[in-house]
Amino acid sequence: MIPATFSHPAFLLPALALAALALALGAWAQTRPGLGIKVVGQRPLLQGLGLALILAGAGLGLAEPRWGVPEVPRLTVRVVLDASRSMRVRDMPGPGGAVTRWEAAAALLDRLWAQPNPGVLFSLDLLTGDAIPFLPPGEDRQLLRDAPRAVSPGEVGSPGTSIGRGLAQVAAQIPAKTPEVILLVSDGEETWEAPAEAMTRATTVLHKGRLPLYALCVGQPRGDQPVPPAAGGQDELSFSKAQPGFMAALAQASGGRLLAPGEDLAKLFQDLAQGRAALPMARSRLPAHPEAGAWLALLGICLWLAAAGKPMRAWRPFLLALVLLGGPAPARAQVPPSIRAWLAKRALDRGDLPSARKWQPQGDAPGHRLLRAQIQLRSAQPTEAVATLAPLTGQGAPRPLPPWRVPALLLAARAAMDLDHPDEARALLERVLLEQPGRKEAIHNLQTLLKDPGPPPPNPKTPPPPPPSQAAREDELEGMKQHLPPKPPGGVKDL
Amino acid sequence: MSFAVRYPWLLLLILPGLWAAARSSYRWGIPSSRPSGWMARRAALVLPALITALLVVAAAVPERRLAVKGRTPVVDFAVVLDGSSSMLAQDGGAKEDRWNAARRLLRIFIAGRPEDRFALILFSAHPVTLSPLSADHLRLWNILERLQLESRDDGTAIGSALMTAVRRLAESPARSRVILLLTDGAQNRGHVLPMEAAEEARRNGIRVHTVAMGGNGESLFPLEGGGFARLKVETDPETLKKIAQATGGEAFAADDPAGLARSMAAIDRLEKTALPVDAPTEGRPLSRWFLLAAGLLALPLALDLARKRGRRPPAWLAQP
């Protein structure tokens with residue numbers, strides 16, 4: 001859970017100053033002798049306190065504190081992939097020996113795009129001497145995985161690598177208030193300008209656009225490595241060294257960070273999309289809660305009305321009750337769990353996930369836990385769902401089997417699948433079948449999980465020819481290659 | 001866009017709040033030097049009630065609900081546009097060539113379907129995906145606006161382009177998936193036959209509507225040095241018809257830009273959905289305006305404290 005932040009924090013200080021002024025005026029008036037309190041029953045100190053609360057509450061509400069989870073989780077990740085010549089250096093460890101920086105970067109992105117990333121859109125720009133927009137934002141994982149295969153590093157776009165200019169060009173295409181981040185995959189080598197200038201150029205734009213940069217460095221920082229020439233090319237001999245320090249400084253200056261080589265990128269982006277990790281406020285989709293300030297101000301007006309004159313004396317208990325009972329949080333807390341569960345179920349049935357989350361029952365009753373887990377699964381929170389279901393899915397099955405046991409195991413299996421733990425899901429489904437043999441959902445899910453192909457045909461036919469979609473894919477890769485701007489004649493522009 | 005209230009039952013507090021505020025005996029200043037004009041008396045009565053009402057409304061959180069586009073697509077389109085050099089031809093005496101007419105009418109088509117997602121595929125000898133499925137119509141509009149005919153390798157690979165479109169739509173969760181193929185030629189490049197791609201589309205439940213651009217006769221082609229030449233482009237309307245028939249789509253023929261406009265309008269009508277899906281919405285609270293008004297109205301009350309007296313007068317002063 002990230003701490004509450006404010007949409008418009010500039011309102012807080014003036015409101016606090018005005019509140020302090022009202023309180024000081026009330027305290028000052030209280031010390032001055034007069035007939036007011038005797039004649040009409042006004043109590044300036046309490047009135048001052050009430051007005052201070054009204055003004056502070058108004059300021060708090062105007063500042064719009066934000067917390068909770070986004071109603072519709074989403075994020076766009078602008079992937080900027082270095083396609084300069086230095087990415088051909090073979091200094092990255094691979095499964096069968098050293099691989100090039102480009103191969104390592106492509107494999108890393110392929111792992112990211114091989115798994116579903118619900119709510120996260122990816123675009124792809126290539127970084128050379130300029131940024132080349134390659135794929136606009138989308139969810140088409142097949143296209144994203146194919147795209148790097150159409151590129152040969154060092155053979156597209158302008159020569160060299162300009163991180164400063166390239167990032168500025170990418171940032172210029174990004175709308176101002178959408179939830180977006182940049183993922184830079186590069187060796188961090190800047191060849192167009194001095195690193196300090198590139199840093200200033202990039203951070204100025206990223207800071208202004210409130211765009212956090214997550215950087216992933218490929219390549220070894222120790223020792224200059226020779227850059228292999230292109231196949232059949234006449235490139236001059238040059239050397240390259242990865243610059244993780246430069247990338248780390250760049251990322252930190254923009255509010256992002258340098259990612260560790262084995263870090264789970266999908267989880268990072270899911271956390272950002274679902275509000276579990278912080279985005280800059282201008283790009284955040286955390287819900288705003290101005291009612292917090294409004295309730296503080298309402299408390300203030302009640303206090304002020306109670307101290308405004310004698311005729312209000314009879315109303316004081318009512319106003320006090322209003323303050324104690326009226327707040328949305330206490331009101332919600334006082335709704336019995338069964339009614340909360342009913343409201344949550346109704347909301348879930350009609351597909352209103354925000355309301356379902358709002359009313360989800362907090363009790364330990366098995367039915368409530370099941371409903372809560374269902375809501376968490378629908379909200380793409382499988383880890384929380386597993387924790388919720390843990391007391392219901394223990395190894396010891398009570399006898400006779402309670403009605404909640406099998407649904408709990410089925411939901412836990414689904415959560416395990418969402419978490420990409422197929423073995424766990426399989427074990428849970430097998431437990432369902434042990435405890436209630438013949439349960440249809442469990443059999444179906446287990447079959448799906450095991451992808452049971454059924455008995456082989458008696459006379460296996462000859463394998464079918466490669467599908468035409470494979471040929472279309474090759475045609476499309478060729479189309480992508482032709483669509484990229486070719487490298488102009490001339491060498492790399494070095495400092 | 002719609003409006004909603006986050007805690008609607010809180011609005012019930014307005015009436016008791018107004019009643020409580022109206023019962024208040026608030027008066028400006030102190031009894032000995034109190035403003036007694038009509039305005040002053042009325043303001044002392046109305047101001048607390050107004051602030052109470054504004055704060056109750058702010059606490060109930062009225063909000064604008066804005067739809068998040070592209071999350072529940074009903075119809076996903078893959079637009080497959082021919083980018084071969086023959087698209088520069090002008091038909092039927094029209095001043096607009098096929099390429100510009102197709103781009104203009106596609107922009108109109110996209111603008112007329114704000115709820116749907118579109119993928120854009122351009123092809124000549126090879127297909128290229130200009131945009132994966134996207135609900136960002138402004139970006140699609142801009143891509144079409146800036147699109148140039150600059151193929152390095154001329155030709156017409158209808159089969160590969162169709163198959164690419166099928167791949168773009170393969171994972172789409174939309175209720176209806178449609179390919180819109182606009183071409184003026186016959187297949188002469190590519191590794192996939194048009195009917196193979198049509199079969200793949202049929203297997204995936206994707207309809208293909210085809211539009212054959214250009215007539216049977218000769219068309220005007222611009223020459224590099226200026227002027228025009230009369231040439232005839234080889235077309236294959238029969239294959240386009242077969243593709244549409246195989247996939248449950250419709251085949252159209254457009255002899256000129258006006259015919260193309262009619263075809264696009266017909267496709268638009270064909271793909272109207274009777275059962276729209278409500279897109280998920282996101283709330284933007286409007287409480288700030290009510291809080292701002294309440295805060296500003298509270299300021300005179302705060303300043304009035306400067307004239308108040310709170311301590312009881314000493315006994316010697318109170319006694320007559």
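The notes below go through this model topic by topic. What you see is a predicted model, and it scores ipTM 0.83 and pTM 0.75. Chain A comes to 20 helices and 12 strands, and chain B has a mean pLDDT of 86.

**Confidence**

- In chain B, 94% of the residues reach a pLDDT of 70 or more.

**Chain A as a whole**

- Chain A has 495 residues, and buried residues make up 47% of them.
- Take the contacts in chain A between residues at least 6 apart in sequence: 74% of these join residues at least 24 apart.

**A sheet in chain A**

- Look for an open sheet of six strands in chain A, with the order β7-β6-β3-β8-β9-β12 and mixed pairing.
- Which strands are at the edges? They are β7 (131–138) and β12 (257–258) of chain A, and each pairs on one side only.
- As a reminder, strands of a sheet pair through backbone hydrogen bonds, either parallel or antiparallel.
- Strand β3 (residues 75–82) of chain A runs parallel to strand β8 (residues 180–186) of chain A, and six bridges join the two.
- To find a spot in this pairing, go to Leu81(A), which stands opposite Val185(A) in β8(A).

**Helix α15 of chain A and its surroundings**

- Helix α15 (residues 366–378) of chain A has 13 residues, and at 1.5 Å a residue they should span 18 Å. Its end C-alpha atoms are 18 Å apart, which agrees with that expectation.
- Buried residues in α15(A) are Arg369(A), Leu370(A), Leu371(A), Arg372(A), Ala373(A), Gln374(A), Ile375(A), Gln376(A) and Leu377(A).
- What covers these buried residues? The cover includes α13 (337–349), α14 (353–359), α16 (382–389) and α17 of chain A.
- After α15(A) comes Ala380(A), whose phi is positive, near 60°.

- Gln360(A) lies in the loop between α14 and α15 of chain A.
- Is Gln360(A) buried or exposed? Gln360(A) has 23 C-beta neighbours inside 10 Å, so it counts as buried.
- Leaving out residues up to four places away in sequence, Gln360(A) touches Ala344(A), Leu371(A), Arg372(A) and Ile375(A).
- By contrast, Ala104(A) is 256 residues from Gln360(A) along the chain, and their C-alpha atoms are separated by 44 Å.
- Leu410(A) has its place in helix α17 (residues 405–418) of chain A.
- Leu410(A) counts as buried because it has 21 C-beta neighbours inside 10 Å.
- With residues up to four places away again left out, Leu410(A) touches Val432(A), Glu441(A) and Ala442(A).
- Ala442(A) and Leu410(A) are 32 residues apart along the chain, yet 7.1 Å separate their C-alpha atoms.

**Chain B and a hairpin**

- Chain B is divided into domain 1 (2–66 + 281–309) and domain 2 (75–270).
- The centres of these two domains of chain B, taken over C-alpha atoms, are separated by 61 Å.
- Strand β8 (residues 219–222) of chain B runs antiparallel to strand β9 (residues 228–231) of chain B, with four bridges joining them.
- Within that pair, Ser219(B) stands opposite Leu231(B) in β9(B).
- The hairpin of β8(B) and β9(B) has five residues between the strands, and Gly226(B) takes a positive phi near 105° there.

**Where the two chains meet**

- How many residues of chain B are in contact with chain A? There are 66, and they contact 69 residues of chain A.
- Several elements of chain B each supply at least two residues to this side, among them α1 (14–23), α2 (38–60), β5 (127–134) and α5 (158–169).
- The largest share of the side of chain B that touches chain A comes from α9(B), with nine residues.
- By residue type, that side of chain B divides into 35 nonpolar, 15 polar and 16 charged residues.

Methods: Residues are numbered from 1 along each chain as its sequence is written. Chains are lettered from A and ligands numbered from 1 in the order in which they are written. This is a predicted model: local features need pLDDT of at least 70, side-chain atom pairs count only at pLDDT 80 or more; totals for chains, interfaces and linings use all residues. Two strands pair if DSSP finds at least two bridges between them. Two residues are in contact if their C-beta atoms, placed from the backbone, lie within 7 Å. Ala, Val, Leu, Ile, Met, Phe, Trp, Tyr, Cys and Pro count as nonpolar, Asp, Glu, Lys and Arg as charged, and the others, Gly among them, as polar. A residue is buried if 20 or more other C-beta atoms lie within 10 Å of its own, exposed if 12 or fewer, and partly exposed in between; C-beta atoms are placed from the backbone. The expected span of a helix is 1.5 Å times one less than its number of residues. Domain bounds come from an automatic or database domain assignment. pLDDT is the predictor's confidence in each residue, from 0 to 100.
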